Amino acid sequence: MRVTSGTTLVSSATLTIQNGGVLNNAGTVTLTGNLNNLNGSVSNLGTGTINMAGTAAQQINGQNTIQNLTINNAAGINLNAGNTVNGVLTLTSGRLTLGANNLFLGTAATIAGAPSATAMVVATGTGELRKSFSAAGSFSFPVGDNTGTAEYSPVTLTFNSGTFGVNNYAGVNLTDAQYPGTGTSYLTRYWTVSSS
């Protein structure tokens, strides 16, 4: 299926990309149902925007490379496989929950919207929000937790220098608990940072 530049496709049902199928999106695909990619390998969904804009919880299934992804669903989105965003991740409304899956942001990827406790990436499972870097610089990871009361607790990483090879990343997730062995004075939150 092809969506041309300047065109918006709105689907109130689940959009399923069958095994062997292709979505070539150069415009905007607005979904109020789920996104199901049944291909066995990563599918590039084009240069456009996928807008998750339902009113009930939505799912992103399958491995996708998405240019621009907008989260605009107060009921939230669940990521059920590893996905990549190479352009803009817009956090308008709702939480994108990673669970055990990684969301990878390419070297040119940016964050838009107004991240907060009601518009963030929930990275409390084993999955990480990962960002690739092409050079030294800073990036703020719009992460938080949804354990009990939703709390937005972003992390900013700054790389002053270094060599940034192909497929590099820094990844972040967090735990809403006391860091083990910290005694009687502690924050009930800690972040885990990984890198490659």
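1. Strand β11 spans residues 68–72 and is mostly covered, with four of its five residues buried. The coordinates come from a predicted model, and the remarks that follow should be read on that basis.

2. On one pairing, β11 is joined to strand β8 (residues 49–52) in the parallel sense, over four bridges. Here Leu-69 of β11 is the bridge partner of Ile-50. Strand β14 (residues 88–97) also runs parallel to β11, again with four bridges. Leu-69 takes part in this pairing too, with Leu-89 in β14 as its partner.

3. Which strands make up the open sheet of seven, and in what order? The order is β7-β10-β13-β15-β18-β23-β24, and the pairing is mixed. Its edges are β7 (43–44) and β24 (190–195), each of which pairs on one side only.

4. The whole structure contains four salt bridges. Asp-145, Glu-151, Asp-176 and Arg-189 are linked in a salt-bridge network, and the contacts of Arg-189 are taken in turn below.

5. Arg-189 and Asp-145 form a salt bridge with an N to O distance of 2.8 Å. Because Asp-145 sits in strand β20 (residues 143–145) and Arg-189 in the loop between β23 and β24, this pair ties together parts 44 residues apart in sequence.

6. Glu-151 is partly exposed, at 32% relative accessible area.

7. The side chains of Asp-176 and Arg-189 meet at 3.6 Å, N to O. Both residues lie in the loop between β23 and β24, so this pair ties together parts that are 13 residues apart in sequence. Asp-176 is partly exposed, with a relative accessible area of 25%.

8. Ser-132 occupies the loop between β18 (129–131) and β19 (137–141). Its relative accessible area is 6%, so it is buried. The Ser-132 side chain reaches the backbone oxygen of Asn-168 at 3.2 Å. Leaving aside neighbours within four places in sequence, the contacts of Ser-132 include Phe-104, Leu-105, Asn-168 and Tyr-169.

9. Asn-39, in the loop between β6 (35–37) and β7, is buried at 14% relative accessible area. A polar atom of its side chain lies 2.6 Å from the backbone nitrogen of Gly-20; for the backbone oxygen of Gly-21, the distance to a polar atom of the Asn-39 side chain is 3.1 Å. Gln-18 is 21 residues away along the chain, yet its C-alpha atom is separated from that of Asn-39 by 6.4 Å. Not counting residues up to four places away, Asn-39 touches Ile-17, Gln-18, Asn-19, Gly-20 and Gly-21.

How values were computed: Residues numbered from 1 in each chain as written. Predicted model: local features only at pLDDT ≥ 70, side-chain atom pairs only at ≥ 80, totals over all residues. Heavy atoms only, no water. Pairing = 2+ DSSP bridges. Helix = DSSP H or I, 4+ residues; strand = E, 2+ residues; numbered from the N terminus. Buried < 20%, exposed > 50% of the residue type's maximum accessible area, 1.4 Å probe, protein only. Polar contact = N/O pair within 3.5 Å; in protein donor to acceptor, adjacent residues only side chain to side chain. Contact = heavy atoms within 4.5 Å.
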